[in-house]
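This report goes through selected local features of one protein model. Please keep the sequence and the coordinates at hand while reading.

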Amino acid sequence: MAYVKWSRYLLPTWKEEPAEAEIPSHKLMLRAGLIRKVASGIYEFLPFGYRALRKVERIVREEMDSIGALEMKLPVLQPEELWRRTGRWEDFGPEMFKLTDRKGQGFALGPTHEEIITELASREISSWRDLPLTLYQIGEKYRDEIRPRFGVMRAREFLMKDAYSFHTSWESLEETYNDMYKAYYRAFLRCGLKIKVVEAPTGVMGGNVSHEFMAVAETGEDEIALCSSCGYAANRQIAHARPPSPPRVEERPLELVETPGVRTVEELVEFLGVSPSQVVKTFIYVGRGGPMAVLVRGDHELEETKLLQAVGDPTLRRVDDPDEVEGIAGAPFGFLGPIGLRIPVLADEAVRDIPAAVVGGNREGYHYVGAKPGRDFAVERYLDLRRVQEGDPCGHCGAPLRIRRGIEVGQIFQLGTKYSEALGATFLDRDGSEKPVIMGCYGIGVSRILGAVIEQHHDDQGIIWPVEIAPFHVVIPVLRPDMGEQMELSERLAEALDGAGMEALLDDRDRSPGEKFHDAKLIGVPLMIVVGPRALKRGEVEVERRRDGAKTSLPADPASVVEGVRELLRAESI
Ligand SMILES: [Zn+2]
C-alpha cells in the first residue's frame, strides 16, 4: 500500500490569507501546505511541496541527461582563494554569504559554481581528446538577497540546476549552447510553463551571449521588451530601441543663466519654458577606473545594466550622496553638468543630436542653455544607455515594442575564456599548442519553477497543477470515513490506482464534506473522485477535473476507475 492517507500525512492547509505573502504563488504555497518560512528567504518544503519539487527536479535531470550532460555533485563551501583568482570575491559583493573557518580561512556559501568547476577542469582536462564535456549538478545555492520576497521566487537558499560546458572551439560551444536552449525549453514546457526566451544581460557571470527563459506572469520581477512584428525579445535591461528624433530647436550660442533653486527636470521645464527632451541629466558613477559622468536626456531614464555592461565593471555604482558628488565633480548636486568637468563623460546616443541643450552650470543656482555636445563639452563615448519604453520603435524593424513582465526561470551563457584564463584551465590542441578552454554555463531555478508554475496555474480557489508535476494525480475525499463501506471502496480505488502508477491522496480526515471539497480545490490535484453514499447506491463514482470542473461518471469498480482516470490524465498531459 503506497497511496497516502491524509489523516496520516503532513499537509496542513490554511483558510486565511497569509499576511506575509504578496503574490498568488507565495500565498498558495503557504495555504496549500507546500512550504513554511524558517527565516527571511529561507523555507522548509513540507512533504506535499517536496513531491512537486522532486518531480520538477526529475524533469530537469531527464532533459540534461538527454543531451549528454553528466550529473555530479560539487561542494557548497567554496574557498575564498578561488574566488579571489577570478576577481569575483569583490565583484559578487554583499550578495555572497562569506564565512571564516577556525583557522581563519575564508569561504563562501556557493552562489554559483564557475570557480569550483573551472578549477576541476584545470586538473582533469588536458587534451582536445577530453572535449567537449558538459557537467551538471542539482543542489542548493545561497545568495544574501537585499530584499528576499515572494517566497521561493527570491529566496536566500534555493535549489538550482547548474551546468558547465568545456570546448576547444566557439563552434563547439555554440552547438552545446543550442542543445541546452532546446533542452531548457522542453523542460519548462513539460512543467506546464508558458515561456518567452529573451536576450539577456550577462552581469556578474561575464561572457558575450546570453538568453533568459521567462515565465510570462504579471507578478514577475523582470520586464521584457517584445516586438510582435519581427519577434525580437529582450530583457528590458538590455533591450534596444531606435534612438528617438532630436528635439526641434535651433542651435544657439552657449549662455550661463541664473536658475535659483531650480534643480529637477520638471522645474527647469517650467522655469525656462523648454521641453524635457532638451534637458540633459548628469549622473556621477564610480568604479575601478575612478569616477565618470553619465548623460541622458531629461525625458529618458538611464538603464544602469546597459552602462555596467558597456563599461565592463560590475563594481560600478552611482554616487547620490551630495557631499560625495561635490567632492568628485567640484559642483553642487542638482546643478551638475558636463561643461568643464575633469572626469570622463559617457552619454546616451540620443544626447548627441540635441542642437541646444540645457545642462547644469556646475555652480549653485546656474544652468547653461544652448549647450551643444562636441562643441561645448567633450563626450568620450556615445552608447545606448536609455531604458526602453512601451511603444518605442524596435531596434530591428521599427515596429512598436511592448513591455511585459516575466519570472526568470533559467539563463544560459556563452562565457568564453574568462574563467579558464583566470584559473589556468587549458588543453593541448591537435597541433600541440596550449589553449584556454572555452566555456558555457547554464542555470535553472528549480525551486523557483514551482512558484512560476503556480503563478500561471491557479484560480481564486487554489492551485491547478499541471499533471507532470502534480504532487498527486487524484484526490479522493471520503465523505463519511466513519462509514465502513465508503472507506472500503475508497481504499480499493486508491490501491488500484497506485498499482497502475497513479498517485492517489485519500482524504480520510475527520472533517466535513464542505471542508474536504474546499481543500481539494486549494491543493489543486488534477482529478478528484468523490466517494459518498451515491457511489455505493448507484455503483458509480464521479471524477471531477480541477482545471474546469468537468465531471465524468465511471462504474465504481477498480478496473473501470483505473482505466477512466488513466484516460483523463492522458488527455491533460503535454
Ligand atoms: Zn521588431
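The text below covers a metal site, a sheet, aromatic contacts and some backbone features.

The model is predicted: local features need pLDDT of at least 70, side-chain atom pairs count only at pLDDT 80 or more, and totals for chains, interfaces and linings use all residues. Residues are numbered from 1 along each chain as its sequence is written, and side-chain values use heavy atoms, with hydrogens and water left out.

**Zinc site**

The SG atoms of Cys227, Cys230, Cys394 and Cys397 coordinate the zinc ion at 2.3 to 2.4 Å. Donors are N, O and S atoms within 2.8 Å of the metal (3.2 Å for Na, K and Ca); water is not among the atoms, so sites may look incomplete. The angles among the 4 donor atoms run from 98 to 115°, and the site is tetrahedral (four donors with all angles between 85 and 135 degrees). Ideal angles for four tetrahedral donors are 109.5 degrees. The sequence spacing of the donor residues is C-x2-C-x163-C-x2-C. Cys230, in the loop between β12 (222-226) and β13 (233-235), and Cys397, in the loop between β21 (381-383) and β22 (402-416), are 167 residues apart and link distant parts of the chain. Helices (H or I, at least four residues) and strands (E, at least two) are DSSP runs, numbered from the N terminus. Cys230 is partly exposed at 40% relative accessible area, and Cys397 is partly exposed at 31%. Buried means under 20% relative accessible area, exposed over 50%, and partly exposed in between (1.4 Å probe, protein chains only).

**Sheet**

An open sheet of 3 strands has the order β14-β20-β19 with antiparallel pairing; two strands pair if DSSP finds at least two bridges between them. Its edge strands, β14 (255-258) and β19 (357-360), each pair on one side only. β14 and β20 (residues 366-371) are joined over 4 bridges, and Leu256 has Tyr368 in β20 as its bridge partner.

**Aromatic contacts**

There are 8 aromatic pairs in the structure. Rings of Phe, Tyr and Trp (its six-membered ring) pair if their centres lie within 6.5 Å; planes under 30 degrees apart count as stacked, over 60 as edge-to-face and the rest as tilted. Two of the pairs are tabulated.

| Pair | Centre distance | Plane angle | Class |
|---|---|---|---|
| Phe48 and Phe472 | 6.1 Å | 20° | stacked |
| Phe188 and Phe213 | 5.7 Å | 45° | tilted |

Phe48 in helix α2 (residues 47-66) and Phe472 in the loop between β27 (462-463) and β28 (474-477) are 424 residues apart, and both are buried. Phe188 belongs to helix α6 (residues 170-190) and Phe213 to strand β11 (residues 209-216). Phe188 is buried at 0% relative accessibility, as is Phe213 at 0%. Tyr181, Tyr184, Phe188 and Phe213 form one aromatic cluster.

Arg363 has its charged end over the ring of Tyr366, 4.2 Å from the centre, and Arg352 lies over the face of Tyr382 at 4.7 Å from the ring centre. The criterion is NZ of Lys or CZ of Arg within 6 Å of the ring centre and within 35 degrees of the ring normal.

**Backbone**

Most residues other than glycine have a negative phi, and most peptide bonds are trans. The Leu131 to Pro132 bond is cis, with omega near 0°. Phi is positive at Phe150, near 60°, and at Asn362, near 55°. Phe150, in the loop between β8 and β9 (157-167), is buried at 9%. Asn362, in the loop between β19 and β20, is buried at 16%.

Key. Four donors count as tetrahedral if all angles lie between 85 and 135 degrees; four count as square planar and six as octahedral if opposite donors are over 155 degrees apart and all others between 65 and 115; anything else is irregular.
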